[in-house]
Amino acid sequence: MQRKGQWEGAEVPRPCDRRSSFPSRLKESWAELLGRWSWEWFCTLTFEAARVHPERADKCFRVWLAKVNAAAFGRHWRRRGKGVLWARGIEFQRRGSAHFHVLVARVGQVRRLSMMDEWSNLAGWARIRPVQRQDLVRRYVTKYVAKGGEIDLGGPGLERGPEAKLV
């Protein structure tokens, strides 16, 4: 129950209001969550087609991810409970197509250029770089969440994550 005078005359910013600190806090919270893992690759995956249906885009991503997993852990990676960890920021471009910014961990000795070629064969263009600064790539992937984009995470063992650091 609201007390008399508690909100009188005060403008309360809504989450989608530009004056609100909500988008900034949302990005910071995602960046903090992504800081639980040590990322090895920063990937930008773009589709060649002007418009790609979101389900088709997701399917291409999952096929590409299966190829990364097979290269890292062998053909039966799923059966053995192995796999890379990933965080995907989804940006919707002006041309109407999805564009992915992906962080990947546990890739081992997989060749980045081979996985760039795999994406090219599937969907379009890829750029995969080794992560130099964890903080910068986390912020880059999370910046789109405040602009209407999405972030999703996946990989075996992700649900328990690394142990929380107690202060």
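**Note on the predicted protein chain**

1. Cysteine 60 sits in helix α2. Helices here are DSSP runs of H or I with at least four residues, strands are runs of E with at least two, and both are numbered from the N terminus. Cysteine 60 counts as buried because its relative accessibility is 3%. Buried means under 20% relative accessible area, exposed means over 50%, and partly exposed lies in between (1.4 Å probe, protein chains only). Leaving aside neighbours within four places in sequence, cysteine 60 is in contact with Phe47, Trp119, Leu122 and Ala123. Contact means heavy atoms within 4.5 Å. Cysteine 60 and leucine 122 are 62 residues apart in sequence, yet 6.6 Å apart in space, C-alpha to C-alpha.

2. A word on the model. This is a predicted model, where local features need pLDDT of at least 70 and side-chain atom pairs count only at pLDDT 80 or more, while totals for chains, interfaces and linings use all residues. Residues are numbered from 1 along each chain as its sequence is written, and side-chain values use heavy atoms, with hydrogens and water left out.

3. How far can the model be trusted? The predictor's confidence in each residue is its pLDDT, from 0 to 100. The protein chain has a mean pLDDT of 82, and 80% of its residues reach 70 or more. Residues 1–7 have pLDDT below 50, and this stretch has 2 contacts in the model beyond near neighbours in sequence. Where pLDDT is low, the predicted coordinates should not be read in detail.

4. Now the overall layout. The protein chain has 4 helices and 5 strands. From the N terminus on, the order is α-β-α-β-β-α-β-α-β. Of the 167 residues, 38% count as buried. Take the contacts between residues at least 6 apart in sequence: 73% of them join residues at least 24 apart.

5. Which strand holds threonine 44? Threonine 44 lies in β1, residues 41–47. It counts as buried because its relative accessibility is 16%. Setting aside neighbours within four places in sequence, threonine 44 is in contact with His99, Phe100, His101, Trp125, Ala126 and Arg127.

6. Glutamate 91 belongs to strand β2, residues 85–92. Its side chain makes a polar contact of 3.3 Å with the side chain of histidine 101. A polar contact is a pair of N or O atoms within 3.5 Å; within protein, one must be able to donate a hydrogen and the other to accept it, and residues adjacent in sequence count only if both atoms are side-chain atoms. Not counting residues up to four places away in sequence, glutamate 91 touches Ser97, Ala98, His99, His101 and Tyr144.

7. Check the backbone at arginine 106. Its phi is near 70°, a positive value in a residue other than glycine. Arginine 106 is found in the loop between β3 (98–105) and α3. It counts as partly exposed because its relative accessibility is 38%.

8. Finally, look at the lining of the second largest pocket. Among its lining residues are Arg62, Leu65, Trp77, Trp86 and Pro156. Helix α2 (residues 54–73) gives the most to this lining, with 4 residues. On a 1 Å grid over the protein atoms alone, a pocket is an open set of points where a 1.4 Å probe fits, with protein on both sides within 12 Å along at least five of seven lines; lining residues have an atom within 4 Å of a point.
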